[in-house]
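The report below goes through selected backbone, side-chain and pocket features in turn. Please keep the sequence and the model at hand while reading.

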Amino acid sequence: MTTRETKPWNLEQFLDSLILELDKAQDTLSLKGLTRKLTYTVKDVALDLNIFPVLEDGKVKFQMAKPGETGGSRISFQLGSITDRQIRENANEPPSKDDVQLDTLEDVDDEVKESLRKVGVTSTRDLEKLNQRNVNIENVVKEKTGGEKSLDYSDLANLINKARRRKLSPQLSTLSAKEQEEAVELTLRGSNFVLQQSASYPAAMVNNQKAEVLHADAGELRLKVPRQALKNGDNALAIALDPYAVMQLNLQS
């Protein structure tokens, strides 16, 4: 009798595939409910597998025991059901559009990322929650890496803001001007102008002269430009939204 070669598999991928098949069965059941008064469904799923644990690059994988092979371990799965209400009450909220996943931070060491994942931190929102509760991120990383790695939250915050700005670049839709006696009020509308309020940003310059920021949020900027800063023809407007985003526009006067 020939034996099949077995390859190591990841527990997460295995469960994701199994749950996906069960979701498909539920979708089929919802359609059958329209055409049949009685049908059959899967209430619970129980599996017993004979396997050999394999450790590769710090991750546990499993290899199925071949027919007649002894010395393996047994792992049992009991899958139950969960309703949408239970998910909303117990699971984390889905990532928002301005949230940044730790895996996308290029300048953070892989071992540091792994140490944070071990304590349930996978996104910038998780880190901000810990910071709000005064949890020392540096000590968490040191403990999980045996003191070999360190990470300061201020440095991490800069990396996060840099990654967030790459993901959400400013977009200008309209620009209008309102004449005043000694100044011109500019109104810029668009998206992703201000991602986080700061005392230093945004800051604006017209022809290297400071313009006053009257209002700033994600969708609108209002600037007061002194009339003496403007000249006939081209005028260079530069707006530093934060340390990682500068808008440069050419104004005609």
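Predicted model: local features only at pLDDT ≥ 70, side-chain atom pairs only at ≥ 80, totals over all residues.

In terms of relative accessible area (buried under 20%, exposed over 50%, partly exposed in between, with a 1.4 Å probe and protein chains only), Asn 207 counts as partly exposed at 21%, whereas Asn 208 is exposed at 73%.

## The buried face of α5

Helix α5 covers residues 137-144, and its buried residues are Ile 137, Val 140 and Val 141. Viewed down the axis of α5, these buried residues fall within an arc of 95 degrees, so they line one face of the helix; the arc is that of the directions from the helix axis to the C-beta atoms. As background, an α-helix has 3.6 residues a turn, so residues three or four places apart point the same way. Just after α5 comes Gly 146, with a positive phi of about 65 degrees.

## Salt bridges

Over the whole structure, a search finds ten salt bridges, each defined as a side-chain nitrogen of Lys or Arg within 4 Å of a carboxyl oxygen of Asp or Glu. One of them joins the side chains of Lys 24 and Glu 21, with an N to O distance of 3.7 Å. Both of these residues lie in helix α1 (residues 11-35), where they are three residues apart, about one turn of the helix. Lys 24 is partly exposed, with a relative accessible area of 43%, and Glu 21 likewise counts as partly exposed, at 46%.

Another salt bridge is formed by the side chains of Arg 165 and Asp 242, at 2.8 Å from N to O. Arg 165 lies in helix α6 (residues 153-167) and Asp 242 in strand β10 (residues 234-242), so this pair ties together parts that are 77 residues apart in sequence. Both Arg 165 and Asp 242 are buried. The side chains of Arg 222 and Glu 220 also meet in a salt bridge, at 3.1 Å from N to O; Arg 222 counts as partly exposed at 27% relative accessibility, while Glu 220 counts as buried at 16%. Through salt bridges that share partners, Glu 185, Arg 189, Glu 220 and Arg 222 are joined into one network.

## Pockets and their linings

The largest pocket holds about 610 Å³ of space. A pocket is here an open set of points, on a 1 Å grid over the protein atoms alone, where a 1.4 Å probe fits, with protein on both sides within 12 Å along at least five of seven lines, and lining residues have an atom within 4 Å of a point. Of the 20 residues lining the largest pocket, Leu 22, Asp 23, Gln 26, Val 42 and Ser 81 are the closest to its centre. The elements that give two or more residues to this lining are α1 and β4 (73-79), and α1 gives the most, with eight residues. By class, the lining of the largest pocket divides into ten nonpolar, six polar and four charged residues, where Ala, Val, Leu, Ile, Met, Phe, Trp, Tyr, Cys and Pro count as nonpolar, Asp, Glu, Lys and Arg as charged, and the others, Gly among them, as polar.

The second largest pocket has about 320 Å³ of space, a volume being the space filled by probe spheres set on the grid points, which are joined across faces, edges and corners. Among the 18 residues that line the second largest pocket, the closest to its centre are Asp 98, Glu 128, Asn 161, Arg 164 and Gln 196. Helices α4 (124-132) and α6 each supply at least two residues of this lining, which has five nonpolar, seven polar and six charged residues.

Conventions. Residues numbered from 1 in each chain as written. Heavy atoms only, no water. Helix = DSSP H or I, 4+ residues; strand = E, 2+ residues; numbered from the N terminus.
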